[in-house]
Amino acid sequence: GVAQAIAARRALVVEAGTGVGKTFAYLVPTLLSGARALISTATKSLQDQLFLRDLPRLRDALQLPLTVALLKGRASYLCVHRLALARQEAQLPDRWAVRALARIEQWARVTGSGDLAEVDGLDERSSVIPLVTSSRENCLGAECPEYRGCHVMKARREAMAADLVVVNHHLF
């Protein structure tokens, strides 16, 4: 069914219970098709599971030389420029925010992706996140002093070059 839908370039809706192998059932034919693909998930956690666990496992098992990219919304990536601003001028509301900012600063020195999901113990509802991420309204774009190392731009470039891109429905 999945392989036929891919070959015919038509939509396919499949429903099945938890734990029956839906993920592999659509990923294997997708990977074997050789076509560029966009996989959209309902949640960021499923997006991370596909990218970090399922796709590497399948790519290795099938011995396919595919490039895979993960692309999240702008608010999921550290903005190095805004981190510097937060360090200088942020009025943090409580000690938890102070600790969260310190944890982000330490992680920022070593991250390759800038994906805030990598920060251990950072609550995705933390009041610090809007201080260290950009939005369409406050992003300086090419005028930013940190533009060359921008995590959002890097993620977008990798997605454009990849054979398979994992996004979530909100971004899609």
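Tutor: Happy to. On a 1 Å grid over the protein atoms alone, a cavity is a set of points where a 1.4 Å probe fits but cannot get out, and its lining residues have an atom within 4 Å of a point. The volume is the space filled by probe spheres set on the points, which are joined across faces, edges and corners. Before we go on: this is a predicted model, with local features needing pLDDT of at least 70 and side-chain atom pairs pLDDT 80 or more, while totals for chains, interfaces and linings use all residues. Residues are numbered from 1 along each chain as its sequence is written, and side-chain values use heavy atoms, without hydrogens or water.

Student: OK, how many cavities of 30 Å³ or more are there in the whole structure?

Tutor: The search turns up 2.

Student: Switching topic: how many residues are in the largest nonpolar core?

Tutor: There are 14, and among those with the most contacts inside the core are Leu-78, Ile-104 and Leu-116. Such a core is a set of buried Ala, Val, Leu, Ile, Met, Phe, Trp, Tyr and Cys residues joined through side-chain atoms within 4.5 Å. Buried means under 20% relative accessible area with a 1.4 Å probe, counting protein chains only; over 50% is exposed, and in between is partly exposed.

Student: Which helix gives the most to this core?

Tutor: That's helix 5, with 5 residues. Another core of 12 residues lies apart from it, including Leu-31, Leu-66 and Leu-164. Those three also line the second largest cavity.

Student: Back to Leu-78, what does it touch?

Tutor: Leaving out residues up to four places away in sequence, Leu-78 touches Leu-83, Ile-104, Trp-107, Ala-108, Gly-114, Leu-116, Val-132 and His-151. Contact means heavy atoms within 4.5 Å.

Student: Which residues of helix 4 are buried, and what do they pack against?

Tutor: The buried ones are His-81, Arg-82, Leu-83 and Ala-86. They pack against helix 5 and helix 6.

Student: What about Arg-74, where does it sit, and is it buried or exposed?

Tutor: Arg-74 is in the loop between strand 2 (68-70) and helix 4. It counts as buried because its relative accessibility is 17%. Beyond its neighbours within four places in sequence, Arg-74 contacts Thr-133, Ser-134, Ser-135, Arg-136, Cys-139, Val-152 and Arg-156.

Student: Last one: how many helices and strands does the protein have?

Tutor: It has 7 helices and 3 strands, in the order α-α-β-α-β-α-α-α-α-β along the sequence. Of its 172 residues, 35% count as buried, and the C-alpha atoms fill a box of roughly 55 × 35 × 30 Å along the principal axes.

Notes: 1 Å grid on protein atoms, 1.4 Å probe; cavity = no way out; pocket = protein on both sides within 12 Å on 5 of 7 lines; lining within 4 Å. Helix = DSSP H or I, 4+ residues; strand = E, 2+ residues; numbered from the N terminus.
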